[in-house]
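Here is a short briefing to read alongside the model.

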Amino acid sequence: MDGIPDDAQLAELEQVALTVAGEAGRFVVDERPDHLGVARTKSSATDVVTVMDQGAQDLIRARLQGLRPSDAFLGEEEGGSAGDSGLTWVVDPIDGTVNYLYRIPSYAVSVAAVVGDPRVPGQWAPVAGAVVNPVTGEVFHARVGGGAWVSGADGRERRLAMAPPPDLDQALVGTGFGYAVQRRRWQAAMLLEVLPQVRDIRRIGSAALDICAVAAGNLDAYYERGLNPWDMAAAWLVLTEAGGTFTGLAGGPPEGAMVVAAAEPLHGQLEVVLGAAADAAGQE
Ligand code: IPD
């Protein structure tokens, strides 16, 4: 991918991602109202977008505009902007919105700087990013060539290096489901094919945390159809910097149609099974 900044710039971008994701994480926890309102709905009634979601994105966007005024911005909620630096900040203010609503402590703020056009699969790549779970205090971060790192509530950092994975039949595989009924039918049909071939399935409810969990060895693999750039951007880099592989199907780029995350050779094994399962599931 062209336009990757030099290491000093990458280090700055990583620090900015950490700073704004940390601030937004504190905001969504500290400012959470007792009775959370649902601001509007997206693809279906279960896709709740809270006032806090938009508020967290507005906060991140304002902070980035101050720190990095020439960069573009693409967030899950309303309000994107163009820039002229060649970098775009791709932001999910709360990944795992439903967990947030239910106070299940698996949601995250995801902030990544990317090169290329994040709206076009195969035409972009993350160069620095952070994923912050504001409840557990877990912070994942990475920059190109700088390794993937995690720190917990005690603030101690460790570098992530993925171990050789198990075979597929022993693999604990994370996945997720979209909000639209038709998408879910297709995902259920896929699951019918995949579930008998793996150790077990987990649906944790935050794609960013799922992918970081693979990087940290808390899941062996992850796949999902229907992710958007903001769900995957920062975690993608954490995974690849930890030694994992992140693609779509058949070696294609990660995209809405499918993302597959694991270390090799498990990644390749899962990709084959998912390809066959997608054929069996037919058209969505
Ligand atoms: C969702 C979560 C979920 C995944 C969905 C995503 P959101 O993001 O990452 O785990 O299964 O596909 O849309 O809506 O909570 O930001």
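With which residue does R143 form a salt bridge? The partner is D7, and the closest N and O atoms are 3.2 Å apart. Please keep in mind that this is a predicted model, where local features need pLDDT of at least 70, side-chain atom pairs count only at pLDDT 80 or more, and totals for chains, interfaces and linings use all residues. Residues are numbered from 1 along each chain as its sequence is written, and side-chain values use heavy atoms, with hydrogens and water left out.

**Salt bridges**

- A salt bridge here is a side-chain nitrogen of Lys or Arg within 4 Å of a carboxyl oxygen of Asp or Glu, and the whole structure has eight of them.
- R143 sits in strand β7 and D7 in helix α1 (residues 7-30), so their bridge ties together parts that are 136 residues apart in sequence; helices (H or I, at least four residues) and strands (E, at least two) are DSSP runs, numbered from the N terminus.
- D7 is partly exposed at 43% relative accessibility, where buried means under 20% relative accessible area, exposed over 50%, and partly exposed in between (1.4 Å probe, protein chains only).
- D7 and R143 also belong to a network of salt bridges with E14.
- E12 and R68 meet in a salt bridge of 3.1 Å, N to O.
- E12 is in helix α1 and R68 in the loop between α2 (51-67) and β3 (72-75), so this pair ties together parts that are 56 residues apart in sequence.
- E12 is partly exposed at 38%, whereas R68 is buried at 17%.
- R183 and E284 form a salt bridge of 2.8 Å, N to O.
- That pair links R183 in helix α4 (residues 181-194) to E284 in the segment after α7 (266-281), 101 residues apart.

**Aromatic pairs**

- Rings of Phe, Tyr and Trp (its six-membered ring) pair if their centres lie within 6.5 Å; planes under 30 degrees apart count as stacked, over 60 as edge-to-face and the rest as tilted.
- By this rule there are three aromatic pairs.
- Y100 and Y107 have ring centres 4.9 Å apart and planes at 75°, so they are edge-to-face.
- Y100 is buried at 0% relative accessible area, and Y107 is buried at 6%.
- W124 and W236 are edge-to-face too, with centres 5.0 Å apart and planes at 70°.
- These two residues are 112 residues apart, W124 in strand β6 and W236 in helix α6.
- W124, W236 and F246 form one aromatic cluster.

- A nonpolar core is a set of buried Ala, Val, Leu, Ile, Met, Phe, Trp, Tyr and Cys residues joined through side-chain atoms within 4.5 Å.
- The largest core has 40 residues, and V131, F140 and L160 have the most contacts inside it.
- Among the elements that each supply at least two residues of this core are β6 (124-132), α5 (207-216) and α6 (229-241).
- A second, separate core of 23 residues includes A24, F73, V111 and A130.
- Helix α5 has 10 of its 10 residues buried, so it is largely enclosed by the rest of the structure.
- G217 follows α5 and has a positive phi, near 85°.

**Surface**

- I104, in the loop between α3 (97-101) and β5, is partly exposed at 40%.
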